[in-house]
Amino acid sequence: MSDIMTLRDPAYRAPTDDEVLQLEDDVTHAAHALAHAISERETAYRAGGQEVPDGVAASPDWQLTYLYALHAVDGIVRRLADRTARTAGAIGVNYGQLGAAWGITKQAARLRWPGAVRKPTEPTDETEPLQLHIAGGAAEIVQLPDARGFTWAATGADGTTSQAEQSYANRTEAAAHAGAFLALHTEPDEDNYDQAQL
């Protein structure tokens, strides 16, 4: 557990073609499920007690519905990416590393996620709580009264809750311990893919 918050270099490998195809299949399935649920054409058939005919996906309105569903997926991906970049920046990842992971330059990463990474010399208002979202769980890091250090409270993706048993000298150290807790408390059936998102 002591090295869970130590950044590995490289942090990830390029996915295989099979892994990319599997991800595309998973996204396609999720977008199709949403399109089937929100399609006015399909809703009309179901409301009339009829079965949705084969080939309904060939209709122009269903294709627009599917495009709308893909747009929803895109929005979700962007929100998750923003949250993950801010979490990574809060626990020590720099803009160059964020940019490389997203396929953009360091400068573009700084523009995309302003304030996600703080320079060591840059003053910060550490009295504001810091939210971390790692491996499906969430933690909050807060400064103790009278600036006597930092503590954390977290709920893992598996529902396990915990809090710091001691105070930490700085917010980064508290975040590292909270992140380690979250990484250990993922969903029982999650595989290492989710844990690797640290």
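In which strand does glycine 137 lie? Glycine 137 is part of strand β2. The structure is a predicted model. Its largest nonpolar core has 18 residues, and 5 salt bridges are present in the structure.

**Nonpolar cores**

- Within the largest nonpolar core, the residues with the most contacts are Leu132, Ile141 and Trp152.
- At least two residues of this core come from each of β1 (130-134), β2 (137-143), β3 (150-155) and α6 (171-184).
- Helix α6 supplies the largest share of this core, with 5 residues.
- Another core, of 9 residues, lies apart from it and includes Ala85, Ala88, Tyr95 and Trp113.
- Beyond its neighbours within four places in sequence, leucine 132 is in contact with a set of residues including Thr87, Ala90, Ile91, Ile141, Ala175, Ala178 and Leu182.

**Glycine 137**

- Glycine 137 has a relative accessible area of 7% and is therefore buried, the cut-off being under 20%.
- Once neighbours within four places in sequence are set aside, the contacts of glycine 137 are Leu132, Thr155, Gly156, Ala157 and Leu182.
- The C-alpha atom of glycine 137 is 7.5 Å from that of alanine 154, although the two residues are 17 apart along the chain.

**Ends of helix α2**

- Helix α2 covers residues 40-47, and at its start a side-chain oxygen of serine 39 comes within 3.3 Å of the backbone nitrogen of arginine 41.
- Just after α2, the phi of glycine 49 is positive, at about 75°.

**Salt bridges**

- Side chains of opposite charge can pair when their charged atoms come close.
- One of the salt bridges joins the side chains of arginine 13 and glutamate 19, with an N to O distance of 2.7 Å.
- Arginine 13 is exposed at 55% relative accessible area, while glutamate 19 is partly exposed at 35%.
- In helix α2, arginine 46 and glutamate 42 are separated by about one helical turn because they are 4 residues apart. Their side chains form a salt bridge of 3.2 Å, N to O.
- Glutamate 42 is buried, with 4% relative accessibility, whereas arginine 46 is partly exposed, with 41%.
- In the salt bridge between aspartate 74 and arginine 78, the closest N and O atoms are 3.3 Å apart.
- Aspartate 74 and arginine 78 are 4 residues apart in helix α3 (residues 60-90), so about one helical turn separates them.
- Aspartate 74 is partly exposed at 35% relative accessibility, and arginine 78 is partly exposed at 38%.

Definitions and conventions:
Residues are numbered from 1 along each chain as its sequence is written. This is a predicted model: local features need pLDDT of at least 70, side-chain atom pairs count only at pLDDT 80 or more; totals for chains, interfaces and linings use all residues. Side-chain values use heavy atoms; hydrogens and water are left out. A nonpolar core is a set of buried Ala, Val, Leu, Ile, Met, Phe, Trp, Tyr and Cys residues joined through side-chain atoms within 4.5 Å. Buried means under 20% relative accessible area, exposed over 50%, partly exposed in between (1.4 Å probe, protein chains only). Contact means heavy atoms within 4.5 Å. A polar contact is a pair of N or O atoms within 3.5 Å; within protein, one must be able to donate a hydrogen and the other to accept it, and residues adjacent in sequence count only if both atoms are side-chain atoms. A salt bridge is a side-chain nitrogen of Lys or Arg within 4 Å of a carboxyl oxygen of Asp or Glu.
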